Amino acid sequence: MLINYKIKTKYNDVFDITDKVKKAVCESGVKEGICLVYNPHSTAGLAVYSPWDPKGFKDLDEEIRRLIPTRIDFKHQHDTPQDAAGHVKSAILGISGNFIIHEGELLIGGSQAIYFLEFDGPRNREFYVKVQAD
Amino acid sequence: MDSFINPMCAQVFSLPELIKEQYDDLEPKVRTVLSFQEIYNVQRIILTGCGDSYAAAMATKYAFEMLAGIPTEVVSAIELSRFYCQEQLGIDCRNPLVIAISHSGEVARIKEAVQRVSHFGCFVLGVTGNEQSSLGLQSDRILKLDIPDFESAPGTRSYAVSVMALLLLAVRFGEVRHRYPMDQAMDYRIDMRNQGNLLKDLLPAMDKASKKVAEEWKDFPCYDFIGSGFDYATAWFGQAKILEATGKFAMHINAEEWFHLNFFARDAGHLGTIIIGNTTSPGLSRTKEVIKYATRLGRPLVVITDGTKKDFAKEAVFIQVPSPKYPINMPLTHFTPVCLIAGYISALIGEKYGRGCEGNWEFSKDGAGVKNSEIIIKTQEDIC
């Protein structure tokens, strides 16, 4: 089963998609298998992160921007500096995640949530959830 | 033979296709003409040009300020080359950015202005159709215009392309400086390209109205063009087309100054008055007051607007022009009725464009009047 979700992100957004992924798994009827979450963009990423302290999202955003700051000397000049930095962030952090389905539910820890990371924005974005039975 | 047929109006009818073609040509060029570093370095912009290029600068000044957030001046070539304060040139690492517009690239005053600002350290972006021209060779970067040849007439196609080139630069500056997201930038651009379609739909009605106006106004001795802000550029351009195409007297003024000056003109019943009154203009209330009193004076009146008669509630000939999603794109098409009216009057009275550069006007043949002029590079010391 493959499901496509449309989302509208904000600037440098950390967008929680956990409930959507859980719902996709539930609706698939698969009891044991694998769930692939895939983001088809080159200026956005996918990450598992703790949802409990909202300030943690700011840490995540700031650390990513500290590691890969938006600069004006990128070689890629076709779009914008934000876009050029976004490509690098996306490549380094990755755009997909694999999860285990066990007893009909997504197997993730209590301090784990799945986030679509926007490195540009606001943008109209999408992501896919693929559910595969054993 | 149809007495209305003339090359200037033919140029107008070619615009819908030209706008789309030129967008496809210019959009990728604008992306690469300046680097991120160069765009981020810009603290002030001077737009300069002569004639139609000067009008294109006026038409787009506010787009640079609104989209890119960069203070932008329009400075005529002779002001920049002979009078502009040297201490304001070449400051803060090659500022201001001077965007010099000349399709031929050989206009003497532009050549002179570019030499002067380059001498004092400004960064120059030339917008020209001729890379090997004086402007092309003296600029730090060139945005090359490639406008397909067409039957010669007072600048109509070239004006539209100059306006588009400048609008695309303004959109690009704002995008790179992250004033808005890339999707928003693309929406500005899509709207720009779509103006060709909107113009195509309105051209038949525009043409019919312009022919009627030309027939009724062809013997008038003078014409008065009024507009403010974006619309003033169209008014300025309109008076230029009347002079070039018909040789008759024409005036241009903004809506406020009209009440200080042009309303005094006598023989109001034979003074063709063209008001550019776009419904999104911050100056619209004053424009409506011009319409009210021009009507009271008995002036024959044309209102060029993206609205309708209902928006003005006055008696006049209303010529509807495209209503873009974003007002910054208005200057791309709103000049078209003035070209139609000027072209049709010229055809009806049998007047050659530019007096055919014959007789006493022979000195201006092949643009000699603007190309052949003594070049003097001024320093501040000379002026003081």
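Two residues are in contact if their C-beta atoms, placed from the backbone, lie within 7 Å.

**View 1. Where chain A meets chain B in this predicted model.** On chain A, 13 residues are in contact with chain B. On chain B, eleven residues take part in these contacts with chain A. The chain A side that touches chain B has three nonpolar residues. Five polar and five charged residues are also found there.

**View 2. The elements of chain A.** Three helices and eight strands make up the elements of chain A. Start at the N terminus and follow the order: β-β-α-β-β-α-α-β-β-β-β. Take the contacts in chain A between residues at least 6 apart in sequence: 81% of them join residues at least 24 apart.

View 3. Along the principal axes, the C-alpha atoms of chain A fill a box of roughly 50 × 30 × 20 Å. The radius of gyration of chain A is 16 Å. This agrees with a compact globule of 134 residues, because such a globule would have a value near 14 Å. Of those 134 residues, 32% are buried.

**View 4. The elements of chain B.** Chain B has ten strands and 14 helices. Among its contacts between residues at least 6 apart in sequence, 76% link residues at least 24 apart.

**View 5. The dimensions and burial of chain B.** The C-alpha atoms of chain B fill a box of roughly 55 × 50 × 45 Å along the principal axes. A compact globule of 384 residues would have a radius of gyration near 21 Å, so the 20 Å of chain B agrees. Buried residues account for 52% of the 384 in chain B.

Note on methods:
Residues are numbered from 1 along each chain as its sequence is written. Chains are lettered from A and ligands numbered from 1 in the order in which they are written. This is a predicted model: local features need pLDDT of at least 70, side-chain atom pairs count only at pLDDT 80 or more; totals for chains, interfaces and linings use all residues. Ala, Val, Leu, Ile, Met, Phe, Trp, Tyr, Cys and Pro count as nonpolar, Asp, Glu, Lys and Arg as charged, and the others, Gly among them, as polar. Helices (H or I, at least four residues) and strands (E, at least two) are DSSP runs, numbered from the N terminus. The radius of gyration is taken over C-alpha atoms; the globule rule is 2.2 Å times the number of residues to the power 0.38. A residue is buried if 20 or more other C-beta atoms lie within 10 Å of its own, exposed if 12 or fewer, and partly exposed in between; C-beta atoms are placed from the backbone.
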